[in-house]
Amino acid sequence: MIAMLDVYDNEGRISDANDQSTSIRSRYSRILNPYIELTRPADIIVGLIGLIAAAFVASGTNIADHMMEVIIVSIAVVFYIAGGNSINDIVDGEVDRIAHPDRPVPCGKISSTSAFHFGLICLALALASSVISMDPLVIMIVGVACVAITAYEMILKKKGFIGNITIAALTGASFILGGAMVHNISACSVLSATVFMITLGREIQKDIMDKDGDSADRKTLPMRIGVERSSVVARLSYVVAVIISSIPLMIRSSSILYASISIADVMLLISASGRVDTKCSERIAKYSILAVIVASVLGTLHL
């Protein structure tokens, strides 16, 4: 349940080192407190947008009736993302010296020990915030997510495919959490499953791009079964995402506006076609997640 899109791209991958986001971070790093910078505020904003979008999908215009729950869970998500990013900066410290040298830990603004303690405190506050909601399901989702992201950063990231699945599950769980806080998980199940499959495909493709630069202690899927077979798995993930996303149209559970999901489906089919290179395919899939969310929100509107 890290947030969405680039919130989950926090592994310090060298393939993204020249991304424009690096120059943006270097500009705001001059004015932000190092601890605030450590949390990556942009990630938090994206995560909150995804959470609220999921809550809207689950409750429609009645979301106003759940404002207290939205506020409490949003606070939990802020602390969760802050904690996850802080721990990530420690684990990826050596890689970030090359890929993201402007981040607080590699540039020396904050020590690894301080960042680790800060991350654990943030995750503890995330769990404490969820307890305030007094909703057992919300507490369980946040608690499992805190354990999962810590396990991922410390252990599972090096295990390859299981790490991919973990990140995909955490991504999908963020939408389930949005449904849980308004007491309607089922309404977010298709959205969550679709994003899970897209994220899984993206994570595999990012491992393909980073195969030559990955350390020997990482056992990614491309290292285990080869690039070609891994590429097939990634493309199949996108096809499955298209099938899942079409369910509301087939059972007519959403408004006609949900037909806009076809935009996301076309993007995913392009990514799955093999007609574009891996980097382009992964980026198209990345933005398809946004299209899926927009279509899901529109599908709740009955004009």
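At what angle do helix α3 and helix α14 pack, and how far apart are their axes? In this predicted model, local features need pLDDT of at least 70 and side-chain atom pairs count only at pLDDT 80 or more, while totals for chains, interfaces and linings use all residues. Residues are numbered from 1 along each chain as its sequence is written, and side-chain values use heavy atoms, with hydrogens and water left out.

Helix α3 (residues 41–59) packs against helix α14 (residues 278–298) at about 30 degrees, and their axes are 8 Å apart. Helices here are DSSP runs (H or I, at least four residues), numbered from the N terminus. Axes are lines fitted to C-alpha atoms over the stretch in contact, with angles running from 0 to 180 degrees between N-to-C directions. The two helices are therefore roughly parallel to each other; this word covers angles under 35 degrees, whereas over 145 is roughly antiparallel, 65 to 115 roughly perpendicular and the rest oblique. Residues A53, F56 and V57 of α3 make the contact with I293, S296 and V297 of α14, where contact means heavy atoms within 4.5 Å. Sorted by class, five of these residues are nonpolar, one is polar and none is charged. Nonpolar stands for Ala, Val, Leu, Ile, Met, Phe, Trp, Tyr, Cys and Pro, charged for Asp, Glu, Lys and Arg, and polar for the others, Gly among them.

Helix α3 also packs with helix α8 (residues 161–180), at an angle of about 50 degrees and with the axes 7 Å apart. That makes α3 oblique to α8. On the α3 side, G50, L51, A54, A55 and A58 meet S174, F175, L177, G178 and G179 of α8. This contact has six nonpolar and four polar residues, and no charged ones.

What about the aromatic rings? The structure holds one aromatic pair. Y35 and F118 form this tilted pair, 5.1 Å centre to centre with 55 degrees between the planes. Rings of Phe, Tyr and Trp (its six-membered ring) pair if their centres lie within 6.5 Å; planes under 30 degrees apart are stacked, over 60 edge-to-face and the rest tilted. The partners sit 83 residues apart, Y35 in helix α2 (residues 34–39) and F118 in helix α6 (residues 112–132).

Finally, L200 lies in helix α9 (residues 189–209). With 7% relative accessibility, L200 counts as buried (under 20% relative accessible area, with exposed over 50% and partly exposed in between, for a 1.4 Å probe and protein chains only). Leaving aside residues up to four places away in sequence, L200 touches F161, N164, I165, A168 and S237.
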